[in-house]
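Load the model in your viewer and keep the selection panel open. The stops below are meant to be taken in order.

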Amino acid sequence: MENNKLLFDYLLQLGDSSLILGQRLSEWCGHGPILEVDMALTNIALDLLGQTRNYFQYAVEIEGKGRTEDDLAMLRDVSDFKNVLLVEQPNEDFAYTVARQFFFDSFHYLFLSELQHSTNEQLAAIASKSLKEVTYHVRFSSQWVKRLGDGTEESHQKMQNAIDDLWMYVGELCEESELDKIMSKNKIGVDLNKIRPNFYQEINDVLQEATLKIPEDNWNQTGGKNGKHTEHLGFILTEMQWMQRTYPNMEW
Amino acid sequence: MKQFSNTAIYNLLEQVPDPEVPVLSIIDLGIVRDVIIENDKVEIVITPTYTGCPAMDMIAVNIKAILQENNIDATIKTILSPAWTTDWMSESGKQKLKEYGITPPVAKTTDKLSLLGESKLVSCPRCDSNDTKMISQFGSTACKSLYKCNDCLEPFDYFKCH
């Protein structure tokens, strides 16, 4: 029972980050700078949403209380969400969206590569499946970081501003919560300390090629994994959950 | 008690099209992983192409419908492992895709180029020219990329290696 609760919380932690980032990217639908980018961002959103469904379906199965995947997405409040703070940051402009995506994808790719070896078969299966999709994501976002960073003076400046502003949310990705520690120890979850060096190496390589600077200040804002969020999450949930909150138990 | 042969069920499943790419059956795509027949119970095991593919629910409904029309009561089981790959697409499926105007995946997913996200020769499904250009890695559905032919100038979809 205790183990199931831990696994349940871990699944929420993983699913919530994908769900919230997917929701953020969906806001671009119909607003992308060009049609192809609009489609790419919503394609990525769809992949993330699909991955969330896999985590949540498994979570409600092991919980065994008759809740559904939709209940987890639509009927929890801000402090119940365990996503990292990075993914709830606003889209701002295209450079911000690309920077946020690049940081998350670089982490996500390494994370899933490890999660494939989880001793939990279902978690390993979800990871292998998702990894194929995330490979495309990381290619997309890295390419745009390079293109904008090593582009015009204006695109370079916008990209650098986005990197600087979002930098304080990057450290949390590889920072272990109590739950991360337990799950890594029991070989179900990922050892974040193991992927951290590769993560920063990858970021460094791409930013360097993009002629962008890594910010020097290493202070991190954290708390998302423990349910302490920035002011943005409430607004996201208000929009995302509006229908279910307004018309409880509605179906179509 | 009715007995069903494995072949009969596969023949029925051949008639279930992919909702997004209707020239392909779910057998052509490699979505059907197994058909398990135990006494009078039938279980169809399927795997999703992409985790967020909205066609999967539709496919499950369509499988049940066609089997029910033939008085077969089946349950559908979805598995994630091993993860679906375009390597499972049948040769006839690839041919049908091309005739439909979508270039089929050109490489095995284990090929080095495919691992690096490059495909050397994505030929135009209309004029067979190899002088083509990728416009976007993400196309009209999760499984496709958008290309353009530099010879006949037509844009076209490429079913990407996955």
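This is a predicted model: local features need pLDDT of at least 70, side-chain atom pairs count only at pLDDT 80 or more; totals for chains, interfaces and linings use all residues.

## Stop 1: a tryptophan in a loop

Select Trp28(A), which is found in the loop between α1 (2-26) and α2 (35-63) of chain A. Residues are numbered from 1 along each chain as its sequence is written, and chains are lettered from A and ligands numbered from 1 in the order in which they are written.

Is Trp28(A) buried or exposed? Trp28(A) counts as buried because it has 20 C-beta neighbours inside 10 Å. The cut-offs are 20 or more other C-beta atoms within 10 Å of the residue's own for buried, 12 or fewer for exposed, and partly exposed in between, with C-beta atoms placed from the backbone.

Now show the contacts of Trp28(A): leaving aside neighbours within four places in sequence, they are Asp38(A), Leu41(A), Thr42(A), Asn91(A) and Thr97(A). A contact means that the C-beta atoms of two residues, placed from the backbone, lie within 7 Å. For a distance label, pick the C-alpha atoms of Trp28(A) and Gln89(A), which are 61 residues apart along the chain and separated by 14 Å.

## Stop 2: the nonpolar core

Select Leu86(A), Ala99(A) and Leu166(A), which touch the most other members of the largest nonpolar core, a set of 108 residues. Such a core consists of buried Ala, Val, Leu, Ile, Met, Phe, Trp, Tyr and Cys residues joined through C-beta atoms within 7 Å. Helix α4 (residues 94-115) of chain A supplies the largest share of this core, 13 residues. Domain 1 (6-78) and domain 2 (88-159) of chain B both give residues to the core, so it lies between them. Domain bounds come from an automatic or database domain assignment.

Centre on Ala99(A): not counting residues up to four places away in sequence, it touches Val145(A), Met159(A), Ala162(A), Ile163(A) and Leu166(A).

## Stop 3: chain B as a whole

Switch to chain B and colour by secondary structure to see five helices and seven strands. From the N terminus on, they run α-α-β-β-α-β-α-β-α-β-β-β. The C-alpha trace of chain B spans about 60 × 25 × 25 Å along its principal axes, and 38% of the 162 residues in chain B are buried.

Colour by domain next. The C-alpha centres of domain 1 of chain B and domain 2 of chain B lie 26 Å apart. Between the two, 11 residues of domain 1 of chain B are in contact with 12 residues of domain 2 of chain B.

Then bring chain A back: 15 residues of chain B are in contact with 20 residues of chain A. The side of chain B that touches chain A has eight nonpolar, seven polar and no charged residues. Here Ala, Val, Leu, Ile, Met, Phe, Trp, Tyr, Cys and Pro count as nonpolar, Asp, Glu, Lys and Arg as charged, and the others, Gly among them, as polar.

## Stop 4: the three-stranded sheet

Select the open sheet of chain B whose three strands are ordered β1-β2-β3, with mixed pairing. Two strands pair if DSSP finds at least two bridges between them. β1 (32-38) and β3 (74-78) of chain B stand at the edges with a single partner strand each, so one side of each has no neighbour in the sheet.

β1(B) and strand β2 (residues 41-46) of chain B pair in the antiparallel sense over six bridges.

## Stop 5: the four-stranded sheet

Which order do the strands of the other open sheet in chain B take? The order is β4-β7-β6-β5, and the pairing is mixed. Its edge strands are β4 (102-103) and β5 (132-136) of chain B, each pairing on one side only.

Select strand β6 (residues 144-149) of chain B, which pairs with β5(B) in the antiparallel sense over four bridges. Five of the six residues of β6(B) are buried. Across from β6(B), Met134(B) stands opposite Tyr147(B), and Ser136(B) stands opposite Leu146(B).

β6(B) also pairs with strand β7 (residues 155-159) of chain B, in the antiparallel sense over five bridges. End at the hairpin of β6(B) and β7(B), which has five residues between the strands and where Leu153(B) takes a positive phi near 65°.

Methods:
Helices (H or I, at least four residues) and strands (E, at least two) are DSSP runs, numbered from the N terminus.
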